[in-house]
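Thanks, everyone. Please have the viewer open.

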Amino acid sequence: MPRIDAFIDRLFAETAQELRLESGSGAVLATARGPVPLLRQPLTAAQIVGAFAEVVPADLRPGFPRPGVTAFPYLAPAGQVEMRIDVSEGGVRAMVSPRSRGGAAEPAPRAEPPADPTAAAPSRPAAAPATPARPRIPAPQDPRAALDALLEAMLARRASDLHLSSDCAPILRVDGDMTPEKEYGPVSHERLKELLWSIAPERNREEWHARKDTDFAHETAAARFRVNVFADRKGIGAVLRQIPNEILTAEQMGLSPAVLDLCRLHKGLVLVTGPTGSGKSTTLAAMIDYINRNRDDHIVTIEDPIEFVHPNKRCLVNQREVGIHTSSFKQALRAALREDPDIVLVGELRDLDTIAIAIETAETGHLVFGTLHTNTAPSTVDRIIDQFPADRQAQIRMMLSESLKGVIAQTLCKKIGGGRVAALEILLCSSSVSNLIREGKTFQIPSIMQTGRGQGMATLNDALLDLAKRKVVEPREALLKAVARGELRGLLERAGFQVDPAA
């Protein structure tokens with residue numbers, strides 16, 4: 001689908017007079033009630049020209065874009081529009097104005113598009129079918145344009161991840177399900193390398209050749225992406241995770257008062273845990289944003305790569321990327337102590353040294369946030385302690401009992417009607433929990449969580465049962481995501497749900 005179509009859809013939906021695009025500025029709709037921004041991120045001349053090049057008629061394609069004004073009609077799915085692009089030394093300005101509404105107009109005369117695969121898509125009939133077929137992802141020859149087309153399709157489908165593997169068709173993860181884009185066709189190793197190297201920084205290309213995997217962030221006008229490039233038996237591969245430009249706020253996510261209270265602490269360790277792809281980064285970003293809006297402090301984040309971008313609000317935010325701004329999490333965390341921080345976010349507690357420094361930082365009067373790949377809150381405590389040699393575990397238990405303030409373990413569930421929602425298990429380190437950690441009786445923590453519901457604690461089953469009662473997820477989906485499934489089955493049946501015995 002041409003990238004301009006999404007903007008034209010808004011043009012007609014808002015009954016706007018004009019869509020304006022200008023290099024160095026965002027995208028704006030001119031409406032009767034005033035300008036309506038569609039993109040706040042500045043557009044480059046190449047982005048505007050590239051979007052218009054996808055739909056320019058065949059007779060204007062040679063030499064496009066020419067200096068001065070080029071105008072032509074275009075039949076978009078939403079209706080017919082007049083496209084104007086003005087190219088000058090000062091930049092690029094473009095205007096799109098409607099010629100008809102609702103797709104009812106007759107198509108404007110246009111030259112037939114050539115058979116060349118790099119040409120713009122042919123005009124579509126004005127009357128849209130009741131259930132439109134999924135559009136074919138274009139595959140232009142230019143590597144960057146081809147990858148941009150895949151990313152735009154990913155955003156249009158609201159996919160969380162784009163999987164690219166040698167000799168395979170691209171696969172999108174939509175609402176947790178892997179969905180092959182068979183219309184695109186397999187991508188060879190060499191072609192896939194061209195696509196990925198069109199966006200990979202030189203440093204990451206060198207790292208891939210040395211280590212056969214690398215991580216970096218890629219940003220377009222519509223979203224940011226966390227990119228992991230790796231090698232497998234077929235050749236090169238990659239996974240691109242979408243990171244929305246807009247951070248979901250704590251209020252939008254419905255974070256509980258107990259979680260927000262963790263954001264008001266002035267020292268201690270707060271962990272957000274869960275398997276890969278469970279939304280840990282989104283929850284942490286919402287918590288950091290809440291602090292940014294409600295406190296006057298200094299926040300230092302250490303990430304690999306930087307995912308959500310936090311502008312300064314009430315807080316000063318310094319975001320450092322491992323491999324670019326620092327050599328390692330360990331090094332950056334040590335340096336953070338000399339940077340006068342109030343809050344430190346560690347993107348991932350990967351090794352023993354990083355965990356030890358994070359605990360020490362929390363003990364010395366700083367609020368530290370971090371992530372771990374554990375499935376439940378109680379198991380998080382054991383995972384941290386087990387990282388250390390036996391002769392240090394008693395000391396770490398003591399330090400952790402004093403510094404750990406809370407653990408949020410989460411898992412993503414499919415929502416009824418599409419999309420996904422997080423189920424949050426919340427462990428708050430009360431004096432009872434601290435004593436259990438100190439005495440090595442972490443197996444008793446789940447019972448403390450059940451009796452501590454009044455303090456804001458919640459087991460995973462509590463969270464899943466609540467989502468089922470509120471008709472956010474199906475009971476079967478809640479059971480699939482549960483750890484203690486027998487217990488949850490009983491809770492669901494007592495709540496009046498008919499649970500399939502085979503579930």
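Start with charge. The chain has 61 positive and 62 negative charges, and their mean positions lie 3 Å apart. Lys and Arg count as positive, Asp and Glu as negative; His and the chain ends are not counted. Each charge is placed at NZ of Lys, CZ of Arg, CG of Asp or CD of Glu.

A word on the source. This is a predicted model: local features need pLDDT of at least 70, side-chain atom pairs count only at pLDDT 80 or more, and totals for chains, interfaces and linings use all residues. Residues are numbered from 1 along each chain as its sequence is written, and side-chain values use heavy atoms, with hydrogens and water left out.

Now the pairs. Side chains of opposite charge can pair when their charged atoms come close. My rule for a salt bridge is a side-chain nitrogen of Lys or Arg within 4 Å of a carboxyl oxygen of Asp or Glu. By that rule the count is 28.

Take Arg3 and Glu54. Their side chains form a salt bridge, 2.9 Å from N to O. Arg3 sits in the segment before α1 (4–13) and Glu54 in the loop between α2 (45–53) and β4 (68–76), so the bridge ties together parts 51 residues apart in sequence. Helices (H or I, at least four residues) and strands (E, at least two) are DSSP runs, numbered from the N terminus.

Is Arg3 buried or exposed? Buried, at 18% relative accessibility. The cut-offs: buried is under 20% relative accessible area, exposed is over 50%, partly exposed is in between, with a 1.4 Å probe and protein chains only.

Next, Arg453 and Asp462. This salt bridge is 2.8 Å, N to O. Arg453 is partly exposed at 43%, while Asp462 is buried at 17%.

Then Glu348 with Arg350, where the closest N and O atoms are 3.5 Å apart. Glu348 is partly exposed at 24%. Arg350 is partly exposed too, at 41%.

There is also a network. Salt bridges link Glu251, Asp289, Arg293 and Lys313.

Now the whole fold. The chain has 17 helices and 19 strands. The C-alpha atoms fill a box of roughly 80 × 55 × 55 Å along the principal axes. For 503 residues, a compact globule would have a radius of gyration near 23 Å; the chain has 26 Å, which agrees. That radius is taken over C-alpha atoms, and the globule rule is 2.2 Å times the number of residues to the power 0.38.

Buried residues make up 49% of the 503. Contact means heavy atoms within 4.5 Å. Of the contacts with a separation of 6 or more, 55% are between residues 24 or more positions apart.

First local spot: Asn292, in helix α8 (residues 280–294). Asn292 is buried, with a relative accessible area of 0%. What does Asn292 contact, leaving aside neighbours within four places in sequence? Ile299, His310, Pro311, Asn312, Lys313, Arg314, Cys315 and Val317. Lys313 belongs to the salt-bridge network as well.

Just after α17, Gly496 takes a positive phi of about 95 degrees.

That's the tour. Over to you.
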